[in-house]
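Visitor: I am new to this structure. Please take me through one part of it closely, and then show me what lies around that part.

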Amino acid sequence: MSKTNHTILTDTFGRKHNYLRISLTERCNLRCTYCMPADGIALSPKEHLMTADEIYIIAKTFVDLGVNKIRLTGGEPMVRKDFPLILEKLASLPVELGITTNGVLADRFIPLLKKNGIKTITISIDSLHKDKFQKITRRNEFEKVWNTIQLFQKEGFKVKLNIVLIKGFNDQEIVDFINLTKDKDLIIRFIEFMPFDGNQWNIDKLVTHQEILDKVSYIFPLQIKRLSDTPNDTSRNYKIEGYQGSFAIISSVTNPFCDTCNRIRLTADGKLKNCLFSGKEFSLLKPLRANQPLNNIIKSALQHKFATRGGMDTPDKLQNPDLHSKNRSMIAIGG
Ligand code: SAM
Ligand code: SF4
């Protein structure tokens, strides 16, 4: 097939999929309440997980089908012992490679990341207060993560911060986070809290896109400026006039970006998910191990993609816990 004929990755709504998010592991060194159920999750046996070679082969199959952007996520991608090997293999593919990390181990990989051409890093930090950070992550790693953010900036990386907002917990910190962008060239990304199996989501904990904007506009009525978004962007981008950095809102709940979705996900156990919210999965690892071709499975998986949020297309469906439990926890999907 010619490199420019990418129709195989087009779904029934005409959306072209060139962005693959690969979860390297279901394990994590933090325990964020919105991601990991309180009782933990049953981890897949090691032999059910993709090896570094299998990750490369599956990723290469996607690249041959037109994928030109790959993000490594998890669980925490950097807890995998062979993270350096996986990174090096994937960096040899003609893709823009990104990483989302909780930042706990990231400092030790700076030379590796530089060597493999990584220029941007996304680090999750939900509070600027040590005690709140500990409450949400159930671990005492605030200082480590905060210092790592400074270090990555000093080392010349573009740094994006992911913040999941939860009403009554950290929504009072919206302006504090934005104030970080005054003298620092950071991109602050506020994410609406999304429902997944076992994460105690309910609509009252949601801080909506509009509520975030209202809070910011109240403090910066004249200085808030809308920035242009890039194609397939899942965020709406803004900045405060005169500030070095910018901020963005990712509103998968109140204003999903499904119309322009270009994303496919691969779980650590080698299953393709055509949508973050979809309960349906398509194994690629089993057929790979049975020496079967993957192209038709990938094509078929895309034909099953729903128009909106894995079929949760109304607020009622989104609030139905039975539908959440048809999906995995975020920790086992890969955010
Ligand atoms: N461990 C890495 C980290 O925390 O950045 C990567 C995996 S994590 C699942 C990826 C992103 O998903 C994080 O920014 C996290 O905050 C976000 N996330 C997890 N659960 C979420 C939820 N229920 N709603 C919204 N975002 C969520
Ligand atoms: Fe771990 Fe990231 Fe999930 Fe937090 S959000 S538990 S750091 S995978």
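Guide: Start with the sheet. It is open, has twelve strands and mixed pairing, and runs in the order β7-β8-β9-β6-β5-β4-β3-β2-β1-β10-β11-β12. Strands here are DSSP runs of E with at least two residues, helices are runs of H or I with at least four, and both are numbered from the N terminus. Two strands pair if DSSP finds at least two bridges between them. The edge strands are β7 (224–226) and β12 (282–283), and each of them pairs on one side only. Strands of a sheet pair through backbone hydrogen bonds, either parallel or antiparallel. One antiparallel pair is β8 (residues 236–240) with β9 (residues 246–250), joined over three bridges. There, Asn 237 stands opposite Ala 248 in β9.

A word on the basis of all this. The model is predicted: local features need pLDDT of at least 70, side-chain atom pairs count only at pLDDT 80 or more, and totals for chains, interfaces and linings use all residues. Residues are numbered from 1 along each chain as its sequence is written, chains are lettered from A and ligands numbered from 1 in the order in which they are written, and side-chain values use heavy atoms, with hydrogens and water left out.

Now go from the sheet to ligand 1. Strands β3 (96–101), β5 (158–165) and β6 (186–192) each supply at least two residues of the shell around ligand 1. The residues around this ligand number 20, and Tyr 34, Gly 75, Ser 124, Asn 162 and Met 194 come nearest. A residue is near a molecule if one of its heavy atoms lies within 4 Å of it. By class, the shell of ligand 1 holds eight nonpolar, ten polar and two charged residues. Nonpolar covers Ala, Val, Leu, Ile, Met, Phe, Trp, Tyr, Cys and Pro; charged covers Asp, Glu, Lys and Arg; the others, Gly among them, are polar.

Look at the atoms next. A polar side-chain atom of Ser 124 lies 2.6 Å from an oxygen atom of ligand 1. A polar backbone atom of Tyr 34 is 3.1 Å from a nitrogen atom of the ligand. For Thr 101, a polar backbone atom is 3.2 Å from a ligand oxygen atom. Taken alone, ligand 1 exposes 540 Å², and the protein buries 96% of that. Such areas come from the Shrake-Rupley method with a 1.4 Å probe.

Tyr 34 also belongs to the surroundings of ligand 2, along with Cys 28, Leu 30, Cys 32, Cys 35, Gly 75, Asn 102 and Ile 331. That shell has six nonpolar, two polar and no charged residues.

Leu 30 and Cys 32 lead on to Thr 137. Thr 137 touches Leu 30, Arg 31 and Cys 32, not counting residues up to four places away in sequence; contact means heavy atoms within 4.5 Å. Thr 137 is found in helix α4. At 2% relative accessibility, Thr 137 is buried (under 20%; over 50% is exposed, and in between is partly exposed, with a 1.4 Å probe and protein chains only). A polar atom of its side chain lies 2.8 Å from the backbone oxygen of Phe 133. The Thr 137 side chain also reaches the backbone oxygen of Arg 139, at 3.0 Å.

Finally, Arg 138 sits in the loop between α4 (130–137) and α5 (142–154). Arg 138 is not a glycine, yet its phi is positive, about 55°. Its relative accessible area is 31%, partly exposed.

Conventions. Polar contact = N/O pair within 3.5 Å; in protein donor to acceptor, adjacent residues only side chain to side chain.
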